[in-house]
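Reader: I want to check the side-chain contacts here before going further. Please take my questions one by one.

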Amino acid sequence: MNLMITILIAVITVVRGDLSVPKTVDDILQQNPCLCPCKPFEEKEYFIPISRTSDWFGAVAYCHSVGMELAEVLNEDEARAMGEVIAEEESDSDDEFYWIGANDLGVQGTYRWALAGRPVLYSQWAAGEPNHARGENGQQPAERCVAVAMDKYEWNDFQCTQQKPFICQQFRKH
């Protein structure tokens with residue numbers, strides 16, 4: 001009998017929780033967190049981990065491990081904001097490019113963002129890019145992951161296993 005009452009109380013609590021209706025976008029996001037942040041670009045912040053390089057996969061993992069994600073650039077305003085962060089970076093490194101989240105690992109030539117899987121609709125490819133160049137022996141892997149140049153902020157595709165600094169993003173919390 002006690003077990004039945006406990007189960008009934010638990011069911012009522014769960015049902016009562018499901019009946020609450022979100023009133024704002026923030027309420028919806030709190031009740032249904034997305035894998036990809038669903039906030040406007042004005043709230044996005046970019047970070048470059050100090051003295052850290054990684055292959056593209058390690059960059060995705062690192063950003064995720066610190067509660068962020070590998071940077072996405074969804075429009076010209078975000079490109080400009082990310083460029084400002086790159087320009088402020090003081091690096092002793094000779095690296096000229098930073099990993100961002102764009103890649104065509106699923107289907108070559110179809111670029112998507114790392115964890116979100118959304119298609120890349122805005123881009124800043126350098127002339128002749130993406131070129132999907134192959135390795136030294138002409139075999140796989142082709143260049144499938146995207147990095148942004150630290151001087152002109154143009155995009156280039158690279159082999160995902162190359163070591164590069166990278167840019168993480170997060171959304172400001174209110």
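**Contacts and cores**

Reader: Which side chain meets R80 in a salt bridge?

Author: A salt bridge puts a side-chain nitrogen of Lys or Arg within 4 Å of a carboxyl oxygen of Asp or Glu. Here the N to O distance is 2.7 Å. The partner of R80 is D77.

Reader: What pLDDT do side-chain atom pairs need to count?

Author: Residues are numbered from 1 along each chain as its sequence is written, and side-chain values use heavy atoms, leaving out hydrogens and water. This is a predicted model: totals for chains, interfaces and linings use all residues, local features need pLDDT of at least 70, and side-chain atom pairs count only at pLDDT 80 or more.

Reader: How many residues separate R80 and D77 in helix α4?

Author: Helices (H or I, at least four residues) and strands (E, at least two) are DSSP runs, numbered from the N terminus. R80 and D77 are about one helical turn apart, because their separation in α4 is 3 residues.

Reader: Is E72 buried or exposed?

Author: Buried means under 20% relative accessible area, exposed over 50%, partly exposed in between (1.4 Å probe, protein chains only). R118 has 26%, so R118 is partly exposed. E72 has 3%, so E72 is buried.

Reader: Which residue forms a salt bridge with D104?

Author: The closest N and O atoms are 2.9 Å apart. The pair links strand β3 to the loop between β4 and β5, 40 residues apart. D104 is buried at 0% relative accessibility. Its partner, buried at 14%, is R144.

Reader: How many disulfides does a search of the whole structure find?

Author: A disulfide is a pair of cysteine sulfur atoms within 2.5 Å. The search gives a count of 2.

Reader: How far apart in sequence are the parts tied together by C63 and C168?

Author: The S to S distance of C63 and C168 is 2.0 Å. C63 lies in helix α3 (residues 56-65) and C168 in strand β7 (residues 168-171), so the tied parts are apart in sequence by 105 residues.

Reader: Is the disulfide of C145 and C160 left-handed or right-handed?

Author: Their sulfur atoms are 1.9 Å apart. The torsion about the S-S bond is about 90°, so the disulfide is right-handed.

Reader: What is the pairing of the bonded cysteines in sequence order?

Author: C63 is linked to C168, and C145 to C160. Numbered along the chain, the pairing is 1-4, 2-3.

Reader: How many residues does the largest nonpolar core have?

Author: A nonpolar core is a set of buried Ala, Val, Leu, Ile, Met, Phe, Trp, Tyr and Cys residues joined through side-chain atoms within 4.5 Å. In the largest one, M82, I100, V148, W155 and I167 have the most contacts. At least two residues each come from α4 (76-88), β3 (97-107), β4 (110-113) and β5.

Reader: What is the strand order of the open sheet?

Author: Two strands pair if DSSP finds at least two bridges between them. The sheet has 3 strands with antiparallel pairing, in the order β1-β7-β2.

Reader: Which strand does W155 lie in, as the aromatic partner of W113?

Author: Rings of Phe, Tyr and Trp (its six-membered ring) pair if their centres lie within 6.5 Å; planes under 30 degrees apart count as stacked, over 60 as edge-to-face and the rest as tilted. W113 and W155 are edge-to-face, with 5.9 Å between centres and 80° between planes. W113 lies in strand β4, and W155 in strand β6.

Reader: How far is K164 from the ring centre of F158?

Author: A charge sits over a ring if NZ of Lys or CZ of Arg is within 6 Å of the ring centre and within 35 degrees of the ring normal. K164 lies over the face of W99 at 5.8 Å. K164 also lies over the face of F158, and there the distance is 4.0 Å.
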